[in-house]
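Subject: Structure handover

Hello,

Here is the structure I promised to pass on. My notes follow below.

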Amino acid sequence: MDQQQFYGRLNDRMRLYRASPLDPARVITITASPDYLASYDGQVAALVACNLLGRLSPSVQIGFPDVAIHPRLPWAGRSLVRHTLDGMRDADPFGSYGTRPPAAGDFRFHLGPDGHDTVVHGSGWSAYIGKGRSPLSLVTSDIGVGAALAVVLGAAHLFRTRFGAMTAPFTCNAWDWTDAPSPVEFSPVGSSLGHIMTAGLGSVGSAANYFLALATRNFRASLIDHDHVGIHNITRSPIFTEAHANIDLAKVDAVAAFLREAGVEDVVVDPVALHKSALWNHREAGSTDVLISAANEFNVRYHIEMGFPPIQLYATTGRNWQATLIQHMPGAKACSLCVFPPDERFAPTTCATDRSITPQTTVGERRTDAALPFLSFAAGLMTAAEVLKLTAPGYPFSAERVMLSLREEPLLVGTPIPHRTGCLCEGRHMGVHELAIAGSRYAEFATKPSR
Ligand SMILES: [Zn+2]
């Protein structure tokens, strides 16, 4: 495949979204404050910035000095510059990626609380982009979520404004999803997250597992997806590479290889759709602690809800530049079919996704999601952040649905999810559901129906 064919396929979903790729003549140079780069949060920012910006643009230079990867991260002790540079080249072998100080005309993407006139900074659960110096206080619990979120916000700003300066300040946090800093020090490190099953390893499901692994490797992973990596998947997933697409690798195998290499010991895969998966259909009661339901084909939400799921966390990307995080507790008044009613024309064999929420285009017989790279990263990060909070006393800390809009200045809105009259969950027996999740790590979150 030549360069033109590669970029045609690479940017296919971006064009379906009616967005155009960034000008490859404009170089993005990633720089960082030395103290920040020595910290866990700063290195998460560097990893995510290189990963995301390298997928968003074929012209990225690393302008920070090399350091050893932080002991709390996967790949500890390796060269941070080598690792991030290899990652960018693996995603786009035709791109221009290298190391050099920022030059005149570059767009400088600066990581840290200060050191440049505009900064991208995260600390603990909080994120800030705007003029330096950052207002965030130092959180030392090495959670990295705020750092990753700041990079996503910065990348969205860069893309939306076509390299406009980040002069308008924006602060938010991933703890209660409000536009204010949160000084919370909570970290899940030290306790297991339990058995996390991911149904759907497309952009959002793979990104959720990527961000989980940056924070902790202390969980069991079950991965279910029937699909294979294509070149059009590369820009929206932090894990998929050109080599994966060339050998038509199953998405579950690509994500499993990433998790194992990062240090997650117990990873099992099932390369089939959820309704055909033995991991899902034959699982023992209480054996799955949390379900990341990131699939939207084959009427998957019907099969999930009829299978009495544990707590479900997922996020969708929308046609108006938003990522929406959704949480369903067993027994809550709204299930996922309340949000995404089965499509009568296609049920029960095809996609049940509400097309007013997820943009889809029909390509032949297949429907295809379109999204922008930073929206998929945002959706995966929001999902991972929720999973990482499950062991925190007092969880949950936000509404069942939280929308992050990046179309203009960032906007975060939390709303409860109403029950949909006539939904299939009305006939579901709470006692049976309680038995199905009994013994799972987060069964205490199950609520009695209030309707
Ligand atoms: Zn329902």
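In which loop does Ser182 lie? Ser182 lies in the loop between β7 (170-173) and β8. Helices (H or I, at least four residues) and strands (E, at least two) are DSSP runs, numbered from the N terminus.

Before the rest, the ground rules. This is a predicted model, where local features need pLDDT of at least 70, side-chain atom pairs count only at pLDDT 80 or more, and totals for chains, interfaces and linings use all residues. Residues are numbered from 1 along each chain as its sequence is written, and side-chain values use heavy atoms, with hydrogens and water left out.

Back to Ser182. Ser182 is buried, at a relative accessible area of 8% (buried means under 20%, exposed over 50%, partly exposed in between; 1.4 Å probe, protein chains only). Leaving aside residues up to four places away in sequence, Ser182 touches Ser126, Asn173 and Trp175 (contact means heavy atoms within 4.5 Å).

Next, the sheet. Eight strands form an open sheet with mixed pairing, in the order β10-β9-β8-β11-β12-β13-β16-β17 (two strands pair if DSSP finds at least two bridges between them). β10 (267-270) and β17 (411-415) are the edges; each has a single partner strand, so one side of each has no neighbour in the sheet. From one strand to the next, the twist averages 15°. β11 (residues 290-293) and β12 (residues 311-317) run parallel, joined by three bridges. Ile292 stands opposite Leu313 in β12.

Two helices to look at here. Helix α9 (residues 251-262) packs on the sheet, touching β9 (220-224) and β10, and its direction makes about 175° with that of β10. Helix α13 (residues 373-389) also packs on the sheet. α13 touches β8 (195-199), β11, β12, β13 (322-328) and β16 (401-405), at about 165° to the direction of β12. Axes are lines fitted to C-alpha atoms, for helices over the stretch in contact; angles run from 0 to 180 degrees between N-to-C directions.

Last, the zinc ion. Its protein donors are Cys335 (SG), Cys338 (SG), Cys423 (SG) and Cys425 (SG), lying 2.3 Å from it. Donors are N, O and S atoms within 2.8 Å of the metal (3.2 Å for Na, K and Ca); water is not among the atoms, so sites may look incomplete. The donor spacing in sequence is C-x2-C-x84-C-x1-C. Cys335 lies in the loop between β13 and α12 (336-339), and Cys425 in the loop between β17 and α14 (430-437), so the pair ties together parts 90 residues apart in sequence. Cys423 is buried, with a relative accessible area of 2%.

Best wishes
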